[in-house]
Amino acid sequence: MTKPSLLGATPCVVWRWTSCTPNGPAQARAALRCALDQLGYDGAVISDVVLAVSEFIANAAEHGVGPYEMRLRRTAAEVICEVEDHDPHIPEIPAFPAVAPYAPVEGDRGGGLETLCALLSERGRGLHIVHELTKGAWGFRSKKETKTAWLALPANVPPPRTATVMRPDDGGREEPREYGDRSYDVDR
């Protein structure tokens with residue numbers, strides 16, 4: 001079985017949690033990292049996706065109602081990660097400037113304490129970060145009782161990485177093996 005076929009068109013639940021689940025968001029991020037690794041994505045892509053989905057997870061935990069669910073599903077062109085909560089209200093989507101969101105704006109220089117506080121605010125940056133990391137391939141959809149935040153990443157992953165493994169029982173014969181190979185049978 002090839003890695004891309006591990007995930008079908010039907011959504012695959014990666015993690016479910018409630019507000020009572022100990023470290024639920026952290027466990028969801030770890031489960032996503034493992035799932036993307038098993039699908040063959042490299043570390044940089046995994047880190048970007050986990051960071052973007054972390055924003056969806058944090059927003060669901062802060063503004064939504066549980067239980068929460070994170071899913072992956074594959075289409076012909078992409079893998080879609082979804083985070084669902086039980087609050088159907090779509091958040092206000094900020095305007096996304098044509099330039100990087102944190103570049104200095106000439107008109108805002110010298111604006112005093114209020115401008116400085118707004119710039120340093122820890123709130124309101126999350127969806128800008130998601131937008132940058134996903135190159136705009138994200139959004140929300142709402143049903144009667146739920147809301148789903150989603151992002152998409154290209155399904156065309158590079159071929160599996162291989163490593164050379166020395167097998168001492170065969171006189172040191174080298175054998176290429178996928179990094180993701182979890183076979184521990186040394187008596188083959």
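**Exercise 1.** Which residues do ring pairs link into a cluster? Characterise one pair in this predicted model.

*Solution.* 
- Step 1. The cluster linked by ring pairs consists of Phe56, Trp138 and Phe140.
- Step 2. The search of the whole structure returns four aromatic pairs. In one of them, the ring centres of phenylalanine 56 and tryptophan 138 are 6.4 Å apart and the planes stand at 45°, so this pair is classed as tilted. The tilted class lies between stacked, under 30 degrees, and edge-to-face, over 60.
- Step 3. Phenylalanine 56 and tryptophan 138 are both buried.

**Exercise 2.** Describe the surroundings of arginine 71.

*Solution.* 
- Step 1. Strand S2 (residues 68–74) contains arginine 71.
- Step 2. The relative accessible area of arginine 71 is 10%. Buried means under 20%, so arginine 71 is buried.
- Step 3. A polar contact of 2.7 Å joins the side chains of arginine 71 and glutamate 69.
- Step 4. Leaving aside residues up to four places away in sequence, arginine 71 touches several residues, including Pro11, Val13, Ile80, Glu82, Arg141 and Thr148.

**Exercise 3.** How many disulfides does a search of the whole structure find? Classify cysteine 20 and cysteine 34 by accessibility.

*Solution.* 
- Step 1. The search finds zero disulfides.
- Step 2. Cysteine 20 has 69% relative accessibility and therefore counts as exposed.
- Step 3. Cysteine 34, at 46%, is partly exposed.

Notes:
Residues numbered from 1 in each chain as written. Predicted model: local features only at pLDDT ≥ 70, side-chain atom pairs only at ≥ 80, totals over all residues. Heavy atoms only, no water. Disulfide = S-S within 2.5 Å. Buried < 20%, exposed > 50% of the residue type's maximum accessible area, 1.4 Å probe, protein only. Helix = DSSP H or I, 4+ residues; strand = E, 2+ residues; numbered from the N terminus. Polar contact = N/O pair within 3.5 Å; in protein donor to acceptor, adjacent residues only side chain to side chain. Contact = heavy atoms within 4.5 Å. Phe/Tyr/Trp six-rings, centres within 6.5 Å; stacked < 30°, edge-to-face > 60°.
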